[in-house]
Amino acid sequence: MFMVFAICAPQNAVKVEVAVKDELTQILEKGYTDAEVAAAKKSWMQSRQVSRANDTELVGRMAGQRYIGRTMAFDQQLEDKVAALTPAQILAAMKKHLDVSQLSIYKAGDFAKAAKIVLTDLIQIKRLGEQKRGENERFRKHLKTHNFVERKLRHIAEEVEGQINCLDCGNCCRVATAKLAQRDVEKLAKYLGLPLPKFLREYTELSEEEGRILKRDEEKGCVFLSGNECTVYDARPGSCEDFPHVVRGAGSLQSRVWAFIDRACYCPIVYNTMEAWKVNQKFSPIPK
Ligand code: SF4
Ligand code: SF4
């Protein structure tokens, strides 16, 4: 069984999870260096020698071995095998047995308190998102000119998404327009059992900047929004499916970031993700 343990403040659990997944992904890509393997072997051997130097631990170990029909020769053989391992053998074994996407993660702590750190108050998000427009614009440029690991930023966005329930929010459907491609129009008309011209007339309009969009009311938002729920969820347009496009979306993450400056003013996922990314990238909010 492969296990990783970590102790941290509840509000840092997301960062720890991201760091562990990231570290394991890197190991599976690059493996360990000779020096890392030598250091790990040395410390493992030393810990076993120290344990054997303690009478109580030694007696406990011998009794345990005897109970399962082994002698201390088993320990000797195990240590010889570990001493002979090469970085390539370790990497091959990890690739064979470890799949980062299948890790089971167990957390214990006061996460209700920590969850408050993810900001979901839409009034505050509007205020802070507007306040941070300049900062976020600089951060966008920072990402353009600095190397960053897209996978790592995606992990962070996934963790933020996991802490926010869109059904408690629905703000994008109230604030943003929903652009329609031809296939969206056809799918929605079919879903509603309407002839295409009737659907286009009753539920869509043409916007100068965005082309065909779903009709919307300035206060209530999208024509298909009821409370915080989408009444055509199974046939919703492609642009709604992956919204807010931080974890996935068309094009590279870098090419999508320009849209996040506006979205950080109304979408809790985008706002909190941008904030977490800035911390991760050690981005200074103060202009140099
Ligand atoms: S179609 Fe549904 S998901 Fe898309 S904006 Fe309208 S209510 Fe929201
Ligand atoms: S995507 Fe963002 S704005 Fe839309 S419902 Fe989810 S949290 Fe709210």
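Good morning. The protein is divided into domain 1 (10-102), domain 2 (118-170 + 244-280) and domain 3 (177-241), with bounds that come from an automatic or database domain assignment. This is a predicted model, in which local features need pLDDT of at least 70 and side-chain atom pairs count only at pLDDT 80 or more, while totals for chains, interfaces and linings use all residues. Residues are numbered from 1 along each chain as its sequence is written, and chains are lettered from A and ligands numbered from 1 in the order in which they are written.

The centres of domain 1 and domain 3, taken over C-alpha atoms, are separated by 56 Å.

I turn to two helices. Helices (H or I, at least four residues) and strands (E, at least two) are DSSP runs, numbered from the N terminus. Helix H4 comprises residues 72-84. Its 13 residues reach 19 Å from first C-alpha to last, close to the expected 18 Å, where the expected span is 1.5 Å times one less than the number of residues. None of the 13 residues of H4 is buried; buried requires 20 or more other C-beta atoms within 10 Å of a residue's own, exposed 12 or fewer, and partly exposed lies in between, with C-beta atoms placed from the backbone.

Arg61 lies in helix H3 (residues 55-67). This residue is partly exposed because 16 other C-beta atoms are within 10 Å.

Now the hairpin. Strand S1 (residues 204-207) and strand S2 (residues 211-214) run antiparallel and are joined by four bridges; pairing requires at least two bridges found by DSSP. Three residues lie between S1 and S2 in this hairpin, and Leu206 stands opposite Arg212 in S2.

What surrounds ligand 2? The shell includes Cys166, Cys169, Cys172 and Cys267, each residue of the shell having its C-beta atom, placed from the backbone, within 6 Å. Helix H10 (171-175) and helix H15 (268-280) each give two or more residues to this shell.

Around ligand 1, the residues include Cys173, Cys222, Cys230, Cys240 and Arg236.

Finally, the largest nonpolar core has 32 residues, and Ile156, Val270 and Met274 have the most contacts inside it. Such a core is a set of buried Ala, Val, Leu, Ile, Met, Phe, Trp, Tyr and Cys residues joined through C-beta atoms within 7 Å. H15 gives the most to this core, with six residues. Domain 2 and domain 3 each contribute at least three residues to this core.
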